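User: I would like to learn how to read helix packing and strand pairing in a model. Could you take me through it step by step?

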Amino acid sequence: MDYQRCTELLATVHKNPHRLTRTVRQKNVPLLLEALGRPERSLRGMLVVGTNGKGSTCAFAVAAVTAAGARVGSMPSPHLQEPRERIRIDGVPVTRAEYTEAFAEVWHAIKRHGLPVLAQGIFAATAAVHFRRAGVDLAVAEASIGGSRAAAAELGLDVKVVTGIGLDHTRLLGGSLDEIARAKVAATQDGDHVVLGRLAPEATAGAEQVLRERAGLTVWRMDRDIHYTARASDCGTGTLVDVTTPRAVHRGLPCPLSGAHQHHNLATAIAAVDAMAERGHIREPDGARLRARLAATRWPGRLELIDPARLDHWTGRVLLEGATNPQGVATVAPEILRHARTGGHATPPVLVFASMNDKDVSGMLAPLPSHWPLVLTRTGSHQAAEPAALYNQLSPTRRGPCLTADDTSSALRRAAEHAGTGGLVVVLGSLRLVGESRTVLGLPPA
């Protein structure tokens, strides 16, 4: 089996779900891990759940753990360009050969034991197998949709982190913040150490109800047990965040990712790392090394500015943002508007937008100016909405021109043409769209 064959098999799993119910396929994940010899048995670390902010929180946590001198495996979800991005050692994606070896072991177990699972189960099992092969027993894992139903929850990591709760994937998780919070916090188990980010009152009620059903928990809550303040650095090179947890006070932590919401994500990650130190999973991070590692943190596809971005004969700026729900877009909108103001270009930015077929399109576009030109497209995902369907969901108050394109490549080229030389193109609505855009722009997986 080669890497291309791995990607083909994964695509088959995505496009042709097995006749068994989703619940049965989820229950097959523990059976698959058993068939693989329980590769997750030695793992310890943290599982991050929530609607938004999981990837950035994990990236900060990985940086902090490496500052403690530990070797850490991480499992971001989803990948942007290649499946191997979902398995990382000290923040670096595995090679195609390494991914193929671990995937082949998982695939053969699936076939040998007749255990159909969802793609998320395959990703989690493949990561666990590679971590065993690499001798890594500390993990930072990101849950996909949900909490207890997420395949990564089967890894048994005892520090649980909830970044925040918003309305997304309502068909699967419920139509209220209370229901979604319950679904995500259900990932907690008796005896866990739980770190709760800042939640809306309705989500807090749902989360607390689930936590009351667990025994032996340690719970640290943002704004009660965890506090942070952000300030500009004295030399004007960025933002510094002071974080206080029940275990330690961390001063002057650099936050290199754009947006005020990243200060919260950084504080949440530091609290989770302190929780792992509290449990004896890692040593206390060295202060100077911690600041250096955090300063080098990058997380592609989240307010990622490509300047200059070259596309055929066009040279301009492309801002890639992976927000996939109204709350996410509203959170990053101030930063998008800041980039629009600082470009010095006479014409407005052009939006390239695609989404899955279950998204609130008008709600996602509402935080951005309605006169900005819009190019609607679809990604290669079998769940992607067609441009015509996206168009039908636009708000009647939208004033800007609206174009359509068959795929990401043609959408970027149409947007560049309308933005003009030196203009700004903003890509958002789908992480798959962001990943395809990075590939079109010639950026390697990161």
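User: Which residue stands opposite Val352 in strand 17?

Analyst: Before anything else, please keep in mind that this is a predicted model. Val352 has Val427 of strand 17 as its opposite residue. The two strands concerned are strand 14 (residues 350-353) and strand 17 (residues 424-428), which pair in the parallel sense over 4 bridges.

User: What is the strand order of the open sheet of 6 strands, and which are its edge strands?

Analyst: The order is 12-13-17-14-15-16, and the pairing in this open sheet of 6 strands is mixed. Strand 12 (304-311) and strand 16 (402-404) are the edge strands, each of them pairing on one side only. From one strand to the next, the twist averages 25°.

User: Why is strand 1 described as largely enclosed by the rest of the structure, and which strands does it pair with?

Analyst: Strand 1 (residues 44-49) has 5 of its 6 residues buried, so it is largely enclosed by the rest of the structure; buried here means under 20% relative accessible area. One partner is strand 5 (residues 138-142), which runs parallel to strand 1 and is joined to it by 5 bridges, with Arg44 standing opposite Leu138. Another is strand 6 (residues 159-162), paired with strand 1 in the parallel sense over 4 bridges, and in this pair Val48 stands opposite Val161.

User: Turning to helices, at what angle do helix 4 and helix 5 pack, and how far apart are their axes?

Analyst: In general, two packed helices are described by the angle between their axes and the distance between the axes. Helix 4 (residues 96-113) and helix 5 (residues 119-134) pack at an angle of about 120°, and their axes are 9 Å apart. The two helices are therefore oblique to each other, and helix 4 passes helix 5 in a right-handed crossing. Among the residues that make the contact are Phe103, Val106, Trp107 and Ile110 of helix 4, together with Ile122, Phe123, Val129 and Arg133 of helix 5. Sorted by class, this contact of helix 4 with helix 5 has 10 nonpolar, 2 polar and 5 charged residues.

User: How do helix 1 and helix 4 cross, left-handed or right-handed, and which residues of the two helices meet?

Analyst: Helix 1 (residues 3-15) and helix 4 have axes that come within 9 Å and cross at roughly 50°, which makes helix 1 oblique to helix 4. This crossing is left-handed. On the helix 1 side, Tyr3, Cys6, Leu9, Leu10 and Val13 take part, and they meet Arg96, Tyr99, Thr100, Phe103 and Trp107 in helix 4. The residues of this contact divide into 8 nonpolar, 1 polar and 1 charged.

Definitions and conventions. Residues numbered from 1 in each chain as written. Predicted model: local features only at pLDDT ≥ 70, side-chain atom pairs only at ≥ 80, totals over all residues. Heavy atoms only, no water. Axes fitted to C-alpha atoms, helices over the stretch in contact; angles between N-to-C directions. Parallel < 35°, antiparallel > 145°, perpendicular 65-115°, else oblique. Left-handed = near helix turned anticlockwise from the far one by under 90°. Contact = heavy atoms within 4.5 Å. Nonpolar A, V, L, I, M, F, W, Y, C, P; charged D, E, K, R; others polar. Buried < 20%, exposed > 50% of the residue type's maximum accessible area, 1.4 Å probe, protein only. Pairing = 2+ DSSP bridges.
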